[in-house]
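Trainee: I would like to go through this structure term by term. Please set each value against its definition.

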Amino acid sequence: MTPRAPDPAGQDSAARRGTRRLDRGVSATWWYTVTAILFFEVVIVGLWAAALLEVDRRDATLAVVTVGGLVWSASTVPLLLDYRHRVEGTAALAHWRRLIAPLLVAVAYGVAAGVVTGVWVIAVLPVLQSLVLLNWQPGVRLRIVLAVTVVLGLLAFIDGRMGAIALSIDPDAPNWWFPAAYTALLPAMTVVSLWWWDVLLTLDRARASEARLAATQERLRVATDVHDLQGHHLQVIALQLELAERLMERDPPAALEQLRASRISVDEARQGTRDLVLRFRSVPLGDELANAVDLLRAAGTSAELTVDPDAAKAPASVLGPVIRETTTNVLRHGAGTWARLSLTRTAEGWRYAISNDAGGEHPADQGGSGLDGLRRRAADAGGVLDVRSDKQEFTVVMTIPLGPEDAP
């Protein structure tokens, strides 16, 4: 596994911003799901009201079915919210006190609608639909939906046989087929919407778990390397000091030699630690750019990358910090929709460019290094920094001259 470069200053806040974007995306999907289910319920209420209007002009009947139906649809929102915040493995009625009011509304509406219309399927639908929205286990939910669908279909058939609704192919008769079929399929459509939400939630949890696992593995690897390095040198130093202590009285010159050796071991341990840190910081530019794109995409930004085949020859010590700094600036100040990164070799030198949709305060107006720090880096390497900004796009281009190692 290639080590990732350490986060620059402010990277934590950028990561938090990316997490917030993902959370907003998940929340938006949830509200789309809720809206779709409420839309299904309101449509079925409207279909029954329109069908009843053909055979019953009484305002009281239409008011009960329509207004009561809207109230019932609104009462399913607490059931949906309880479903969203459910804990896996808990019973459907674990928090039954919160469910009493919505279920009572469903029962009340069902009774009232059944009395004024005389249609069984209208009377039973609100209760069965509300039961479907409870936090059932996946296998139990499937059986409940199948049972509810069968019950609604049978009730629609019974209503037709009893004359409560006209299930007839006669073009002059009221058209009850569509609301009856929609009623029977409403629980299934609701569960499909909730299933899509469950899939998205599972994917989001898997992404978070993968990120935590990757971070844990990286920490363990660093800890192992530090332990091996320091453990070896500390053991050698301990043995040298112990030997010097034993030789101090009978052979002072030899003891002094061991003390000098232990000092050298300390220097070696210190240098080894520096080398270890440098190894983690010195990430190849190709990996550095790939890391930047991964970070942007994890934050919800659509990122594109173009890398020259000879990118390994580019000055990593100069461009590596620039890539990290500009990526952080995109996360901090960009609108978060898209970004383009490229590292190419031109006649003038190595050209690194990053563009994104403008969407915030100019990074140069913030505290810290910002663009001034990037200009100093470019000047120290004999290069130039070009910044272009308008209302739609913000672009940073750094050009570094070719070195002797780049000669063909």
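Mentor: Start with ring pairs: rings of Phe, Tyr and Trp (its six-membered ring) pair if their centres lie within 6.5 Å, and planes under 30 degrees apart count as stacked, over 60 as edge-to-face and the rest as tilted. A search of the whole structure finds two aromatic pairs.

Trainee: What makes the pair of Trp-72 and Tyr-109 stacked?

Mentor: Their ring centres are 6.1 Å apart and their planes stand at 15°, so the pair is stacked. Trp-72 belongs to helix α2 (residues 59-84) and Tyr-109 to helix α3 (residues 96-117), so the pair ties together parts that are 37 residues apart in sequence. Helices (H or I, at least four residues) and strands (E, at least two) are DSSP runs, numbered from the N terminus.

This is a predicted model: local features need pLDDT of at least 70, side-chain atom pairs count only at pLDDT 80 or more, and totals for chains, interfaces and linings use all residues. Residues are numbered from 1 along each chain as its sequence is written, and side-chain values use heavy atoms, with hydrogens and water left out.

Trainee: Why does Thr-33 count as buried?

Mentor: Buried means under 20% relative accessible area, exposed over 50%, partly exposed in between (1.4 Å probe, protein chains only). Thr-33 has 9% relative accessibility, so Thr-33 counts as buried. This residue is found in helix α1 (residues 11-55). Both Trp-72 and Tyr-109 are buried as well. In the protein, buried residues make up 38% of the 408 residues.

Trainee: Which residues is Thr-33 in contact with, leaving aside its neighbours within four places in sequence?

Mentor: Contact means heavy atoms within 4.5 Å. On that basis, Thr-33 is in contact with Ser-193, Leu-194 and Trp-197, its neighbours within four places in sequence left aside.

Trainee: Why are β1 and β4 said to stand at the edges?

Mentor: Two strands pair if DSSP finds at least two bridges between them. The open sheet of five strands has the order β1-β2-β3-β5-β4, with mixed pairing. β1 (302-307) and β4 (384-389) each have a single partner strand, so one side of each is left without a neighbour in the sheet.

Trainee: How many bridges join β4 and β5?

Mentor: β4 pairs with β5 (residues 393-400) over six bridges, in the antiparallel sense. One of the residues involved is Val-384, whose bridge partner in β5 is Thr-399.
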